Amino acid sequence: MKERIKKLLDDISSLKAANKEELEALRIKYLSKKGEISLLFNDFRNVANEQKREVGQLLNQLKDAAQERINELKAAVDSSSDKQETLDLTRTPDPIELGTRHPLSIVKNEIVDIFSRIGFSIAEGPEVEDDWHVFSALNFPPEHPARDMQDTFFITRDPDVLLRTHTSSVQSRVMLSQKPPIRVLCPGRVYRNEAISYRAHCFFHQIEGLYIDKNVSFADLRQALLYFAKEMFGEDTKIRLRPSYFPFTEPSAEMDISCDLCGGKGCAFCKGTGWVEILGCGMVDPNVLESCGIDSKVYTGYAFGLGVERITNLKFKVKDLRMFSENDVRFLDQFKSAY
């Protein structure tokens, strides 16, 4: 019997199984009730009394060795099976990390979604424009400083071809091509000849809104902007409108929101005032309506414009505008988890 036990020990140490079926066959062969090890235990009663102690220890060692080897093979087969089940043969050989939306796109989409809930649709136009759509149609006088080289990029020596300085040019195109009522949102990139720094850039992104219909009032404008501020920055957000000047609106105003960092109490971010400016707005000047073929005696309207970078700074606390255009992956990766 000792020779049989020794031979089984050698066999067990070299056992191999490529799959679960082969593993189960080995278990049945050696460890089942009718397996080879069980047969040895049945023959144990025929062993001489003086050898029972030694043979009994060998049998126990054999059984333990068989069980341990079967367990090792089971772990190997399970591991191989898991790898095969998770293998995606359609993937490329090189690992490709998932990207994320740019923070400006995240904020732009959120702004568009908010205004779409109150009836605004999207309107787009060219970035290379002419003087009439950018300035003249919007009541900019010939001597206005925005026409100067310090502010505007002109494409050629012809001063009539330029990069748009605001998305209001899209509004003028919409007013020329559509009849009231008009309710549009105009997102896009704009260009101004400014020195690049942490707080300014030669290109940035705007979203401008235009609503024209009969009996549109400044109260309608204020209510729309209050709704936007609460949806964008939280239900506790307050707004205030300060008198201002824009060539294409009259009356005109700047809108501030209560600082969400200090709750309006005053901090370094809001320069101790408790308020942060986010956009300009006003009632569409009658001259603008008339130049675009809309009867100003029948229709009135309001317009507003906000910088996407400005809102993104407020929402994500980004202190340097240049980070939005440098494509630093370390910066962009911060927006993966939330969006």
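**Contacts, overall form and backbone geometry of a predicted model**

In the protein chain, 66% of the contacts between residues at least 6 apart in sequence join residues at least 24 apart, where contact means heavy atoms within 4.5 Å. The structure is a predicted model, in which local features need pLDDT of at least 70 and side-chain atom pairs count only at pLDDT 80 or more, while totals for chains, interfaces and linings use all residues. Residues are numbered from 1 along each chain as its sequence is written, and side-chain values use heavy atoms, with hydrogens and water left out.

The radius of gyration of the protein chain is 38 Å, whereas a compact globule of 339 residues would have a value near 20 Å; the radius is taken over C-alpha atoms, and the globule rule is 2.2 Å times the number of residues to the power 0.38. The C-alpha trace spans about 120 × 50 × 40 Å along its principal axes. Of the 339 residues, 40% count as buried (buried means under 20% relative accessible area, exposed over 50% and partly exposed in between, with a 1.4 Å probe and protein chains only).

Most residues other than glycine have a negative phi, and most peptide bonds are trans. A cis peptide bond, with omega of about 5°, joins P180 and P181, and the bond from E250 to P251 is also cis, with omega near 0°. Although N139 is not a glycine, its phi is positive at about 70°, and N139 counts as partly exposed because its relative accessibility is 26%. K317, likewise a residue other than glycine, has a positive phi near 60°, and at 36% relative accessibility K317 counts as partly exposed.
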